[in-house]
Amino acid sequence: MTPDSGESPAAKRARHEAIGQRALAQCRGYGKLILFGEHFVVYKVPALVGAVSAYTDCDCAFTEEPGLTVVDERPAAPNYKVKKAAEAQEAIQLTLKHLNVDTSKRGVKLTFGGDLCAVSGIGASAAQVVALARAVGRALPLKMSEDEVNAAGYEGEKGYHGTPSGIDNTAATFGGVLRFCRTDAAPTFEKKKPKERIRIVYASTGITASTTAVVGDVKEKKEADEAWFASLLTKYEAVLARGEAALDAGDLEALGKCLDENHALCQELTVSCPELDALVDAARAAGAIGAKMSGTGRGGLMIALTPSEAIQEKVKSALSKLAPQVWTTFLA
């Protein structure tokens, strides 16, 4: 009989690669786009957020020598990782501390990758720390529920944002379209079920904004004029109610109008900027049925609602003439 020589080296490599890919698939955090509620969500009113299919993944390996090594292979906007380096280091340490990993006693090597481009507004920081939490849990091993992963992500987000709303890490953990609200206790969220996939174009201004700084500035303006902020908050709650109803009904035209109104509120809140406004105007002119800034603002991202593939491509083409980076995706 001919001896069984087992699998070939090529087959073995392919199998090991497949195992590695499956492992990384369990260590992902997703990007997000805020549809309604940036900044207002900090003050315990609901927001709607949609996760995108792009993700950050993380590989965690323990080493004999104490210390922390981070290899960041994520695609990113120019200077994003440089500007966010100190915040990222703090976020990683907070996440590890939450999971009781002490790098002074046990070495850790973390490698971040994936296809989510790190840019202000997409929830890149939350995707990173959620992916980290999953990877550490898998490496220890530590059986973690999705709520526990989300809690670890929230702790990590403090390194980037000081006092995070919790919306980004929740979207990064659970995916889908979510209605999110902060409370005095744990945040609440509800998964929405759009009637159809929603086509979105999103574009970067190329400006990396500090969420901590912008949120802090909005807080100062609120405290300086509570009546002004309360008026905007009341307007926002009305826009959100109509926008959520439109989403539930699958009425994209009405949803788009509400996105436009939310952008106007962000302008009044002073968190938009000329670069964002120019991209929003260009998207509408190219056929988008609604467009707004998304995320921190004063840079970062804008989003455009497109009802068909043809309009999606037309809007992408128009924005590509102004923005350094443009992407197309679906929500839900």
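## Aromatic pairs and a helix contact

A search of the whole structure finds seven aromatic pairs, where rings of Phe, Tyr and Trp (its six-membered ring) pair if their centres lie within 6.5 Å, and planes under 30 degrees apart count as stacked, over 60 as edge-to-face and the rest as tilted. This is a predicted model, in which local features need pLDDT of at least 70 and side-chain atom pairs count only at pLDDT 80 or more, while totals for chains, interfaces and linings use all residues. Residues are numbered from 1 along each chain as its sequence is written, and side-chain values use heavy atoms, with hydrogens and water left out.

Colleague: How do the rings of Phe 40 and Tyr 236 pair: stacked or tilted?

Modeller: Phe 40 lies in the loop between E1 and E2 and Tyr 236 in helix H8, 196 residues apart, with helices (H or I, at least four residues) and strands (E, at least two) taken as DSSP runs numbered from the N terminus. Their ring centres are 4.8 Å apart and their planes stand at 10°, so the pair is stacked.

Colleague: Is Thr 95 buried or exposed?

Modeller: Thr 95 has its place in helix H3 (residues 85-98). Buried means under 20% relative accessible area, exposed over 50%, and partly exposed in between (1.4 Å probe, protein chains only). With a relative accessible area of 0%, Thr 95 is therefore buried.

Colleague: Which residue is 58 residues from Thr 95 in sequence and 6.8 Å from it in space?

Modeller: The distance of 6.8 Å runs from C-alpha to C-alpha. The residue at that separation from Thr 95 is Gly 153.
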